[in-house]
Amino acid sequence: MEHVDVAVVGGGPAGTSAAHAAAEAGASALVLEKGVPRADREGLGPDSTDAAGILDYWVDIMGIHPDEFPDDVLLSELDRATFVGPNESCVLRSTGIESSYDAFGYTFHRAKFDDWLRERATDAGADYRVGVSVKSVETTPDDDPRHTLRLADGDAVSADYLILADGPQRTVTNRVLDSLLPFPVTDHLGTTTANHIAYQEHRRLPAEVADDLRGAITFWWGYIPGHTAYPWIFPNDDDVARIGLTMPIGLDLSSVPNRGAYPLLRPDDETVPGGSEYLRRLLEREYGDRYDVPGDFPLVEGRAKSKGTETYPISSTRPVDSPVEAGIAVVGGAMGTTSAFHEGGDHTAVRTGRIAGELAGAGDLSGYNTAWKAAIGDEILRNVTMADMVRDYGPADWDNIFRTARKMLADTDGYGMFEKTFAAGWDAMKLLVSYRWNKRRNRDFVSIHESDYVY
């Protein structure tokens with residue numbers, strides 16, 4: 001049986017970053033990636049689906065500056081984020097967090113980014129195998145080696161350390177963790193309850209629209225029902241943009257109060273519209289008076305997963321600790337560090353992968369849970385806090401928060417608006433108190449603790 005020091009399940013940003021770090025530490029590292037075909041990639045690779053944007057301070061969390069990318073990875077620089085409610089809006093031109101990156105952020109080609117991370121890992125000495133599915137994992141913490149991975153082709157690989165990086169679908173992760181928990185792992189990581197669903201289209205914009213949106217990531221809140229449910233437009237290159245949305249899985253439209261207030265719902269909707277229908281309605285609302293939609297916004301069929309479109313899960317749960325005593329680390333979307341609130345999290349995936357790889361490569365994973373919290377705990381706490389704050393928001397609430405935020409942002413930048421007292425009125429004070437109360441309440445943001453595992 002083949003043996004490696006570190007086996008990594010999943011070859012996306014978290015998995016390749018783990019393998020890169022483990023190999024640089026001198027360990028033998030093997031990445032096992034089942035591989036999917038994509039129109040924007042030659043050959044098989046990871047799924048590579050999200051809105052693919054990075055804010056300025058995320059560059060430092062990720063630890064990779066875009067200057068390191070090949071020329072075809074970075075697509076456009078950003079200078080602002082626009083938040084649109086049914087009747088109010090606000091513009092964020094700074095995150096208010098110190099960063100080594102000068103611009104507000106950037107958008108990038110996710111598949112080419114993943115391919116570059118893969119090349120970086122193999123250059124460091126890791127072995128990356130694509131088209132390989134892991135059928136099962138046997139973990140015996142007291143044996144040597146501790147892990148045996150059974151592959152779909154009948155082969156097996158043993159490893160001292162196991163890093164689970166199979167993304168929000170958690171096909172392997174859930175089975176491994178379930179064997180080490182006294183309760184069903186799906187209580188916390190069920191794919192339909194712990195994830196949102198996202199859908200996006202790559203469309204070419206009319207020149208005037210592309211000019212208006214250049215440099216801006218734009219989000220429409222209060223337009224569709226559901227917790228952290230919103231459409232967006234992310235500018236890319238060549239007047240092409242990703243136009244997409246994220247929403248909960250299995251939302252019952254009959255349970256939605258005040259349905260008529262959502263601009264993208266229709267009175268005759270009996271179920272939640274599909275992603276493509278929602279986006280058609282968004283484009284019609286925003287641009288239908290000037291353009292033939294969707295004719296003037298054609299799909300770019302050579303991009304995305306298939307024919308210019310893609311559907312994918314986004315983690316919407318709280319992160320989990322890893323069973324480090326068994327020599328296992330869960331990283332990235334598989335552990336829940338990505339967020340439906342900001343549509344993904346390549347920065348947290350890369351960072352947690354690197355931490356796990358460094359520790360496994362050095363032969364001691366025991367400090368992983370402490371290390372990832374120190375590295376990204378502030379980011380996770382912000383996401384969890386804001387997601388909780390807006391849980392029951394409807395369209396009128398989003399209008400109110402954007403009107404209030406616009407006043408607060410006149411006094412300070414970005415997240416700084418939550419760190420001081422303002423003369424922006426009673427609504428600003430209520431928003432500030434709500435944020436601080438939720439932040440204190442969510443200081444323990446882990447949904448499965450290290451102490452929950454049974455060995």
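At what angle do α1 and α8 pack, and how far apart are their axes? The close-ups below start there, in a predicted model where local features need pLDDT of at least 70, side-chain atom pairs count only at pLDDT 80 or more, and totals for chains, interfaces and linings use all residues. Residues are numbered from 1 along each chain as its sequence is written, and side-chain values use heavy atoms, with hydrogens and water left out.

**View 1. Helix α1 against helix α8.** The two pack at about 30°, with axes 7 Å apart (axes are lines fitted to C-alpha atoms over the stretch in contact, and angles run from 0 to 180 degrees between N-to-C directions; helices are DSSP runs of H or I, at least four residues, numbered from the N terminus, and strands are runs of E, at least two). α1 and α8 are therefore roughly parallel (under 35 degrees; over 145 is roughly antiparallel, 65 to 115 roughly perpendicular and the rest oblique). α1 passes α8 in a right-handed crossing (the near helix is turned clockwise from the far one by less than a right angle; anticlockwise is left-handed). P13, A14, S17, A18, A21 and A22 of α1 touch D346, A349, V350, G353, R354, G357, E358 and G361 of α8 (contact means heavy atoms within 4.5 Å).

**View 2. Helix α1 against helix α3.** Here α1 (residues 13-24) and α3 (residues 110-123) pack at about 20°, with axes 8 Å apart. The crossing of this pair is left-handed. On the α1 side the contact includes P13, T16 and H20, and on the α3 side R110, F113 and L117 are among the residues involved.

**View 3. Helix α8 against helix α9.** The axes of α8 (residues 346-361) and α9 (residues 368-389) come within 10 Å and cross at roughly 160°. That makes α8 roughly antiparallel to α9. Among the residues that meet are R351, I355 and L359 in α8 and W372, I376 and E379 in α9.

**View 4. The second largest cavity.** This cavity holds about 80 Å³ of space (on a 1 Å grid over the protein atoms alone, a cavity is a set of points where a 1.4 Å probe fits but cannot get out, and lining residues have an atom within 4 Å of a point; grid points are joined across faces, edges and corners, and a volume is the space filled by probe spheres set on the points). Of its 15 lining residues, D40, H109, R110, H202 and R242 are the closest to the centre. α3 and β12 (195-204) each supply at least two residues of this lining.

Terms used:
On a 1 Å grid over the protein atoms alone, a cavity is a set of points where a 1.4 Å probe fits but cannot get out, and a pocket is an open set with protein on both sides within 12 Å along at least five of seven lines; lining residues have an atom within 4 Å of a point.
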